[in-house]
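Hi,

Here is the structure I said I would pass on.

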Amino acid sequence: RVHGHEDRAWGLDVADDGGRLLSGGGDSRLILWRDSTAQVLAEKAEAAEALVLKEQELSNAVQGRQYARALFIALELGHPDKARRIVDSLLEAEGERADAVLRRTVLAVADAGLERLAALLRAVQAWNATARHALLAQRVLAVVVTTFPVETLLRVPGIAEMAAALAAYGAKHAARVERLRQQTHLLGYALIEMRAIGAEAEDGEGKKTKAKAHARDELIAADDDNERNDHGHAKQSKHRKKARGLAASAE
């Protein structure tokens, strides 16, 4: 079968110049074909060249901190990952001004039309599908929903499907954050208990150390008494017994 015929092609004839072909099929149709190979190859080469130029323009825009232009080109090329990296670069480079710059960037992208805003939301939807990039997605989404009125958002192509997907993954991420919060509380409780146990152990060690020091003092006092009074055997014996008893209890 030949593409274009609804039945088998029973006859083929090629023009003398080799650039055209005539086919006749069982569907009672005659179709004249042209060799467009050169044209197709030229169009592909032109498209590849245009892509290279766009990529270079995108790189120049990022280096020049022209975030709106860079984001516009990334969305035009259908590259959500590159769009995400552009927003990441914006937030990292602008510091305290990041939220204001991000809002201006989103407004500039939306000025190109609702189709471009839809492309941005599709990129946000792709970012939101992974926990790693969910926070960035939520940050951009917050800018969108607080910048544009509901009437405008309802006119965005495909907004119903995107909103449903964003809500589903948003609930999933919220549940994950809640689990982490609960685990953090458990960890905090464990650390508090460990500090309490450590404080008790230190207190016990402190009492033991004081007892040992007291025992040493008693031994020294006994030796001093022995030197001052050669005849104070009873007193010396009393001191040594008490000192040894304190030392044994401290051990």
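Starting at the N terminus, the order of elements in the protein is β-β-β-α-α-α-α-α-α-α-α-α. That gives nine helices and three strands; helices (H or I, at least four residues) and strands (E, at least two) are DSSP runs, numbered from the N terminus.

Before the details, some ground rules. This is a predicted model, where local features need pLDDT of at least 70 and side-chain atom pairs count only at pLDDT 80 or more, while totals for chains, interfaces and linings use all residues. Residues are numbered from 1 along each chain as its sequence is written, and side-chain values use heavy atoms, with hydrogens and water left out.

First, the protein as a whole. Of its 251 residues, 25% count as buried (buried means under 20% relative accessible area, exposed over 50%, partly exposed in between, with a 1.4 Å probe and protein chains only). The accessible surface is about 17100 Å², and carbon and sulfur atoms account for 56% of that (areas come from the Shrake-Rupley method with a 1.4 Å probe; for residues, only the protein chains shown count as cover). If you take contacts between residues at least 6 apart in sequence, 48% of them join residues at least 24 apart; contact here means heavy atoms within 4.5 Å.

Now α1, residues 37–63. After α1 comes Arg65, in the loop between α1 and α2. Arg65 isn't a glycine, yet its phi is positive, at about 60°. For background, most residues other than glycine have a negative phi. With a relative accessible area of 49%, Arg65 is partly exposed.

The helix I'd look at next is α5, residues 114–128. Buried residues of α5 include Leu117, Ala118, Leu121 and Val124.

Which residues of α2 and α5 meet? Leu71, Phe72, Leu75 and Glu76 in α2 touch Arg116, Ala119, Leu120 and Ala123 in α5. The axes of α2 (residues 67–77) and α5 are 10 Å apart, at an angle of about 80° (axes are lines fitted to C-alpha atoms, for helices over the stretch in contact, and angles run from 0 to 180 degrees between N-to-C directions). That makes the two helices roughly perpendicular (65 to 115 degrees; under 35 is roughly parallel, over 145 roughly antiparallel and the rest oblique). By class, this contact has six nonpolar, no polar and two charged residues (Ala, Val, Leu, Ile, Met, Phe, Trp, Tyr, Cys and Pro are nonpolar, Asp, Glu, Lys and Arg charged, and the others, Gly among them, polar).

Helix α3 (residues 80–94) also packs on α5: their axes come within 9 Å and cross at roughly 85°. Pro80, Ala83, Arg84 and Val87 of α3 make the contact with Ala123, Ala126 and Trp127 of α5. Here the count is six nonpolar, no polar and one charged.

Lastly, two threonines. Thr105, in α4 (residues 98–110), is buried at 5% relative accessibility. Beyond its neighbours within four places in sequence, Thr105 is in contact with Tyr67, Ala68, Leu71 and Leu90. Thr146, in α6 (residues 134–147), is exposed at 56%.

Cheers
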